[in-house]
Amino acid sequence: MENLKQLQERVAVSDGRASADLVIKNGRIVNVFSGEIMEGDVAIKNGYIAGIGHFPHAENVIDAAGEFIVPGFIDAHVHVESAMVTPAEFARVLLPNGVTTIITDPHEIANVAGEKGIEFMLDNAKGIPLDMFVMLPSSVPATEGEHNGETLHAEKLHPLYAHEKVIGLAEVMDFPSVAKGNSDILTKIIDAKKEGGRIDGHGAGLTSADLNNYLAVGIRTDHESTNAEEALDRLRAGMFVMLREGTVGRDLIATIPAVTPNNSHRFCFCTDDKLINDLITEGSINYNIQLAIEKGIEPINAIQMATINAANCHNLPYLGAVAAGYQADIVFLKDLQTVEITKVLKHGKVVVENGSRNEAAFERQSATKFVSPKINHHLTKKDLELPLKNPTCYVIGMKPNSLFTEKLIAEVTIQDGLFVPSTSQDLLKMAVVERHHDTGFVGVGIVRGFGLTEGAIATTVAHDSHNIVAVGVTDEAMEAAITHVTNTGGGIAVVDASGKVLHDLELPIAGLLSDKSFEEVEQDFVGLTSAFKQISHASGFDPFLTLSFLTLPVIPELKLTDQGLFDFATFQIIPNEVN
């Protein structure tokens, strides 16, 4: 928060009575309000822009040499945990991609560790050169009856609004509770309104008629559009629409046709869930901008979507523009069409130049060490059996690069009354093991799409309850993979037919995050991908994040929880066998 002295100093710079800390000269400024490209000096004082014009007095000068000056990019909705690194490491990845602000929902770690998980994320973000605003998790657990680690009712969330970085209520994904007028979810919404916060939606699979429930209670955003018509339904209903391009949720190309010059001010960009290796190789919001431009969006419109639109969406009035009074978060672009970044400023300080981080800007005191809840289950191989009488069964049809699945029906092999996976038909066994309270719940189902020829994979990242999820060819291999991630305190493992671990990634922070650098985590992902190729012929998608989303019941059509097969259409557990 600024003080009186800082405002006085900025005003003195704005009218030329005092020297700026920094003046950027000879740049072509993208005005996100008018859509124009302007010329003029950018004067910065105490981390804010004092003015645009002619400023001859400055302690430091940057010659932009004709490059484009644009606001820092904003990710309107992201789960830091999906990158499997801490917020401090996340910042080191995002800043070279021009992302200076994120709005995050820490519901992954909250589902494991409750308020302590949220507090850890806020604490770990202190002092980093990235604004990490938090939307409080609305649905922990995601649906009634889920077996996650903690439950966050309204009275537990409300005190967290006292933190300056908490700005609203995150994606309300339990639509049936909203429709039924559930008192707890409505109290959370009322509390967010009282605190002046926005309320995010999660309208996966909702029709235009269903959206009335959302709008009626005050939900104003959505990031779950998978095609242009869904995006337009949300736009017409009055929502800000976040166009997503993540690791699994790759929806931007299908949704971008909804954007026109007349309505683009109501669209912004998000990544939602993106793995560290994709952030490194593709980028973050800068990649969304590039894709949008490739698909016909004017570059300035795309930049508006990545900056001022996202700031307006979340009511962040001092972010998203290169203009007087705005925070000096600035990206230098060599070219608008390619979005090639040459320099990044955060709070008026150079944090990235020519692709290299100014590591001094990232130095900070170590954050509080997180004590993870113990992984708690007593799985036996018998728990992985799937008894069947009828060979006609429901199958989870995994769709590559999509959060949605298909509700398939297939004839499966039964031997001695038990399901037997078939590699030739790509009908594999999937299991979800409750890991928080040793309830003994193990959901077992059938999945198609992973193409395993042997072995198994297992992970403690399983949205949103984050139980252990595994897929495999044999019970022995699945048990070996599950045992390994249990013994390491959480993580991902790939095993071969004999149960030998081909590669793993340890995630000691809540079974979700690594305590290593992002470079080390990225190398582990390279190893995991290589190991997966040894046991599978499938390609063109990330198997680990894809598997983790097959447990999320609030996304259509068919998912698996620790209690069994979940049908989104009926919002209830159904038998594996078709009646």
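Me: Which residues in α8 are buried?

Reply: In α8, A228, E230, A231, L232, D233, R234 and L235 are buried. Buried means under 20% relative accessible area, with exposed over 50% and partly exposed in between, using a 1.4 Å probe and protein chains only. This is a predicted model, where local features need pLDDT of at least 70, side-chain atom pairs count only at pLDDT 80 or more, and totals for chains, interfaces and linings use all residues. Residues are numbered from 1 along each chain as its sequence is written, and side-chain values use heavy atoms, leaving out hydrogens and water.

Me: What covers the buried residues of α8?

Reply: The cover includes α7 (211–217), β13 (221–222), β14 (240–244), α9 (252–255) and β15 (267–270). Helices (H or I, at least four residues) and strands (E, at least two) are DSSP runs, numbered from the N terminus.

Me: And what is at the start of α8?

Reply: A side-chain oxygen of N227 comes to within 3.1 Å of the backbone nitrogen of E229. Just after the helix, G238 has a positive phi of about 105°.

Me: New topic. Where is N31, and why does N31 count as buried?

Reply: N31 sits in the loop between β2 (28–30) and β3 (37–39). N31 counts as buried because its relative accessibility is 16%.

Me: Which backbone nitrogens lie by polar atoms of the N31 side chain?

Reply: That of F33 is 2.8 Å from such an atom, and that of S34 is 3.0 Å from one. Beyond neighbours within four places in sequence, N31 is in contact (heavy atoms within 4.5 Å) with E36 and M38.

Me: Which residues touch the most other members of the largest nonpolar core?

Reply: F73, Y214, F450 and F525, out of 145 residues. Such a core is a set of buried Ala, Val, Leu, Ile, Met, Phe, Trp, Tyr and Cys residues joined through side-chain atoms within 4.5 Å. Helix α3 (residues 107–124) gives the most to this core, 8 residues. A second, separate core has 26 residues, including L379, L386, A410 and A481.

Me: How many cavities of 30 Å³ or more are there?

Reply: There are 3. A cavity is a set of points on a 1 Å grid over the protein atoms alone where a 1.4 Å probe fits but cannot get out; lining residues have an atom within 4 Å of a point. Points are joined across faces, edges and corners, and a volume is the space filled by probe spheres set on the points. The largest cavity is about 70 Å³.

Definitions and conventions
1 Å grid on protein atoms, 1.4 Å probe; cavity = no way out; pocket = protein on both sides within 12 Å on 5 of 7 lines; lining within 4 Å. Polar contact = N/O pair within 3.5 Å; in protein donor to acceptor, adjacent residues only side chain to side chain.
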